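Notebook open. I wanted to look at the ligand site and then at a chain contact.

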Amino acid sequence: MSNTKSLLTIKDLHASVEEKQIIKGLDLDIKPGEVHAIMGPNGAGKSTLGYVLSGRDGYSVESGSVTLNGEDLLEMETEDRARAGLFLAFQYPVEIPGVSNLEFLKASVDAQREARGEDAISSADFLKEAKAACKQVNLPVAFLKRGVNEGFSGGEKKRNELMQMLLLKPKLCILDETDSGLDIDALQVVAEGVNSQRSADRSFIVVTHYQRLLDYIKPDFVHVLSDGKIVKSGDASLALELEAQGYAWLQKEPAEDELEG
Amino acid sequence: MSEWLESAITRARGINDWLAPKRAHALELLSTTKWPTRKTEAWRYTPLRSVERSTAKVIKDVVALSPVDIAGLSAIELVFVNGKFDASQLTKILPEGLSISLGQTLENAQQAQALNAFSTIKPERHLFGLVNDALAQDVVVVSVAEGVEIAQPIRISSLLSHGAESHTRVQVSLAAGSRLAVIEDVQASGDSLNTAFVEYDVASNAYLEHYRFALQTGTNVAIGGSHFNLHDHAKMHSTIVGFGSDLSRLDTDIIHAGQFADAKLNAMYLLDGKELFDLHATVEHAMPNGTTEENVRCIVADRARAVFNGRIHIHRDAQKTLAELNNRNLLMSNTAEINTKPELEIYADDVKCAHGATVAQIDKQALYYLQTRGVSRSKAQVMLNFGFINELIDLMPNAALAEWIRPIIRERFSQMEVK
Amino acid sequence: MTEQIDKALAREYEAGFVSDVESETFEPGLDESVIQRISEMKGEPEWMLEWRLSAFREWLEMEEPDWALVDYPKIDFQAISYYSAPKSMKDKPKSLDEVDPELLRTYEKLGIPLIEQQMLAGIAVDAVFDSVSVVTTFRDKLEEAGVIFCPISEAIKKHPELVKKYLGSVVAKKDNYYAALNCAVFTDGSFVYIPKGTRCPMELSTYFRINEQNTGQFERTLIIADEGSHVSYLEGCTAPQRDENQLHAAVVELVAMDNAEIKYSTVQNWYPGDENGKGGIYNFVTKRGICHTSAKISWTQVETGSAVTWKYPSCILKGDNSVGEFYSVALTRGRQQADTGTKMIHIGKNTKSTIIAKGISAGKSNGSYRGLVRMNPGADGARNFTQCDSLLIGDQCGAHTFPYVESRNPSAIIEHEATTSKVSDEQMFLCRQRGLDPEKAVSMIVNGFCKEVFKELPMEFAVEAGKLLEISLEGSVG
Ligand SMILES: Nc1ncnc2c1ncn2[C@@H]1O[C@H](COP(=O)(O)OP(=O)(O)OP(=O)(O)O)[C@@H](O)[C@H]1O
Ligand SMILES: [Mg+2]
């Protein structure tokens with residue numbers, strides 16, 4: 001496995017938002033087909049990592065490099081990163097009133113197909129796929145007609161994110177706490193959604209606070225992100241350890257001056 | 001131009017005092033101002049006939065009038081009688097850090113300062129504001145020193161006897177970090193006419209609690225304004241209660257001249273008979289990060305007329321402003337009128353602004369239902385609909401004032417007839 | 001982000017070409033003799049001329065309104081030509097074959113083929129080119145149903161009793177400055193009469209085109225829906241790209257008799273001027289309808305063009321149980337200024353009105369909603385609901401709301417709400433993370449913002465409106 005080419009390689013990444021440094025020297029290497037779980041205390045920078053990777057405005061990279069399939073990810077526009085196969089399931093999905101889910105999804109899928117030089121998918125075919133995806137994540141088909149996330153409950157929003165993942169078929173999926181706010185059944189749905197999409201050429205970064213999810217999605221690696229870097233990596237058993245012991249034993253004592261800053 | 005205005009201008013030309021340059025400026029503006037008609041946007045719904053017909057005269061004789069007692073309220077009293085500042089009624093010992101003086105008695109340096117500040121917050125577009133600039137007899141200057149908290153509220157009372165004309169003016173400044181509460185009250189008896197304007201300069205981190213009561217009813221004409229200038233992190237909370245009269249017009253201007261200022265304005269008016277009350281409330285967000293919340297509620301019965309104009313103006317630089325205006329009206333008869341115009345004028349994109357206005361009716365069926373169960377009409381009315389006014393009374397920071405005004409408002413409402 | 005949006009907004013005006021059609025155009029200038037000549041050219045009866053002249057005399061006494069939040073140099077009414085017609089129209093063509101091919105090509109280029117075989121089934125078109133109606137399609141089919149759809153110049157001659165009775169009955173001659181001017185100098189426009197109990201068998205549409213330089217367009221539309229009838233009418237308009245401002249002052253009158261229903265949709269795409277505010281149409285329009293008992297008038301407008309727009313399609317809800325609706329999308333960009341909205345005058349009992357207005361301001365433009373809801377003392381049980389939303393794109397534009405609410409009836413209920421928002425960074429990020437380019441993202445979000453209005457448009461128009469918005473927003477992001 002170590003010989004295969006990496007899908008995502010992050011080297012010594014430093015990134016900040018509004019002049020505040022959040023990612024402070026992060027390394028991560030993900031090979032095709034791997035599932036990496038990232039855990040870590042609130043405010044550690046997990047969501048920030050997702051935003052930086054997907055090129056959100058206002059998040060600036062100070063140093064380090066990121067490559068996706070050998071290409072320099074940091075040079076690309078947000079939409080080009082998406083077209084290159086990067087998908088981010090948001091921790092807090094935003095509402096777009098008036099734009100129907102279906103319209104939004106078709107536009108996304110078409111844009112990505114166009115980038116690959118494929119024709120737009122026919123509306124009928126797309127509808128079929130979309131309905132199937134709805135079913136898979138347990139969302140009534142009526143949700144396709146509703147505005148994107150408009151008035152969705154917290155759990156519905158998360159399922160909707162997952163449905164988008166199913167339709168866009170990305171190469172690298174970053175799921176930012178897609179399991180939080182879900183009922184027990186939904187947790188299974190998410191896990192099954194991910195498991196069904198696991199394949200040799202698709203990788204996952206699963207950000208979660210709960211060992212529970214990892215019972216269903218067996219990660220290949222578990223990392224602990226704390227204060228902007230990965231402080232410990234291990235296999236699935238690390239998650240169990242964290243569940244039992246928390247993060248305190250991994251965090252270095254914050255220096256006095258940091259507390260003041 | 002109307003005869004009334006002409007005579008006012010003529011009288012003003014005869015005044016020569018410390019405010020001379022400001023008065024001259026006002027007169028110059030007045031001489032080119034057209035007398036408002038229905039076509040004048042600011043007076044669209046409020047005819048000035050009762051000003052034109054007013055027989056009120058400046059009364060020179062000394063008349064003994066004093067403000068009403070409010071249980072539980074111990075205020076610093078600042079009293080005008082028929083437009084004259086009554087020094088004898090001024091609270092004798094003022095708390096440290098508070099000064100209240102008559103403009104003409106100020107020492108040179110202070111007087112120059114007061115002259116400078118005069119009429120800089122009140123916008124020039126208010127016709128009667130200019131009249132007041134030109135004719136105000138006694139201008140009182142109130143100031144609170146930096147960081148000082150004045151526990152007692154100041155009550156500015158404008159008292160008018162029958163047939164009197166008066167023009168009162170107060171200038172209030174709160175230095176940085178200070179706190180003050182001011183109550184403006186007009187008490188007039190029939191056929192009088194008054195203009196009462198107060199300007200407030202609220203320096204950074206200062207807090208102003210403000211009340212304006214316009215409970216006069218009947219035949220008098222009451223026109224006035226309260227104008228606020230808010231600096232960085234300044235806060236204000238204002239409550240207005242109006243009962244209307246032949247003609248009651250109030251203009252408020254809240255100017256966010258500094259960042260992170262916070263303004264709240266709650267106004268309620270209950271009109272009956274042939275009363276008219278016209279509130280023009282303007283908020284200017286000139287700087288970023290300000291917040292404004294306005295609640296205006298109104299009940300109109302019989303042949304009364306309510307006018308409200310609520311303008312929120314977000315200037316180009318006022319990014320991250322939050323401004324909200326909510327206007328609710330109850331109309332109780334089909335000879336009464338509600339004319340309301342909430343306005344948004346927005347030149348900055350990263351802001352959250354909204355307004356809402358509703359006009360609804362008293363639920364006659366519910367009223368009837370309660371009556372069939374033996375509740376008197378007036379009680380039922382209060383039970384069903386008073387809540388929406390009462391909510392604003394509950395928000396008054398001064399409990400003594402709230403407890404004083406609540407039964408007065410309730411009584412007025414219960415007397416209104418559903419037609 | 002803003003910069004990207006601005007770029008998207010710097011779009012080309014696609015309808016900006018000039019047609020090479022030989023025209024007969026009056027010298028600029030306006031006096032009674034010009035009005036006489038217009039009337040003569042149109043072969044009008046004496047009463048019509050008298051009507052025009054009396055309006056002209058009223059107009060001379062009137063003042064240009066200045067209350068709208070728009071700013072433009074004073075118009076020199078003597079510098080405008082009040083009549084222009086393609087030469088080939090002198091002897092009015094009897095059929096399409098006789099119409100100047102260049103004219104047909106003009107409309108085709110605009111996406112409005114006038115050849116009936118090519119037409120989308122179910123739409124009859126009256127094409128007005130400068131001052132005259134060029135052609136009206138599907139007339140035979142309409143006549144079968146008893147529907148009259150013809151140029152108003154023709155109706156004045158052929159249906160004088162209807163025109164006499166209703167012209168000026170909804171918008172009085174001296175209603176306002178521009179309406180009075182229109183009464184004096186209007187040249188053409190459409191006339192529609194739907195007989196009792198008839199459902200118009202197809203959508204009716206008028207397409208207005210200003211071509212000639214320095215001409216004003218003053219069209220006049222009169223639609224009468226007799227008892228229990230139903231009609232859907234569409235109006236579109238374009239003009240070439242010219243450096244001078246051109247004046248368009250139209251009057252539209254709708255009469256909905258008892259139980260009748262009129263749906264009037266407009267996609268207004270007059271030339272807006274360039275990004276520096278040079279050129280463009282001054283669009284000063286008076287549109288008003290009257291609803292008799294249980295009648296309904298629904299105005300839907302998508303306003304994307306014109307340098308200055310001054311327009312308030314209104315409903316007088318005279319009959320009991322009548323219904324008025326106003327759905328509007330107004331997009332301004334560059335230096336455009338729009339002051340638009342509606343008036344709902346509730347007179348009858350249980351009358352209902354709905355107002356949904358969406359304003360989108362971008363670039364250095366200003367968009368205002370100005371509306372009036374009035375409940376008269378007799379309007380027992382009347383209801384109004386108003387929702388005004390503004391979307392600001394960039395920090396150089398303005399979005400304003402001026403609603404007048406007047407109630408004189410205690411049983412009437414009025415609800416008015418207004419909000420302002422912007423295209424949020426979060427929304428843009430979500431769209432782009434899913435692979436959409438910024439232009440597409442903006443137009444999609446804006447389209448979503450307008451959804452409630454677009455769904456009121458007839459199918460074909462909804463698509464056109466969506467596209468128009470997309471084009472208008474093109475380059476606003478990048
Ligand atoms: N726009 C911003 N300005 C300033 N600080 C920010 C901004 N966005 C995020 N931060 C800070 O960056 C740090 C990392 O935030 P991030 O959302 O990445 O944490 P997280 O690890 O995802 O936490 P959680 O487990 O709570 O989701 C936090 O301290 C947060 O407050
Ligand atoms: Mg997070």
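I count a polar contact as a pair of N or O atoms within 3.5 Å; within protein, one must be able to donate a hydrogen and the other to accept it, and residues adjacent in sequence count only if both atoms are side-chain atoms. This is a predicted model, so local features need pLDDT of at least 70 and side-chain atom pairs count only at pLDDT 80 or more, while totals for chains, interfaces and linings use all residues. Residues are numbered from 1 along each chain as its sequence is written, chains are lettered from A and ligands numbered from 1 in the order in which they are written, and side-chain values use heavy atoms, with hydrogens and water left out.

**Ligand 1**

I looked up oxygen atoms of ligand 1 and found a polar side-chain atom of A:E177 at 3.2 Å. For A:K20, a polar side-chain atom sits 3.4 Å from a ligand oxygen. A:A44 uses a polar backbone atom instead, at 3.1 Å.

**Chain A against chain C**

I get 32 residues of chain A in contact (heavy atoms within 4.5 Å) with 19 residues of chain C. I then counted five salt bridges between chain A and chain C (a side-chain nitrogen of Lys or Arg within 4 Å of a carboxyl oxygen of Asp or Glu). One I checked joins the side chains of A:E79 and C:R432, 2.7 Å from N to O.
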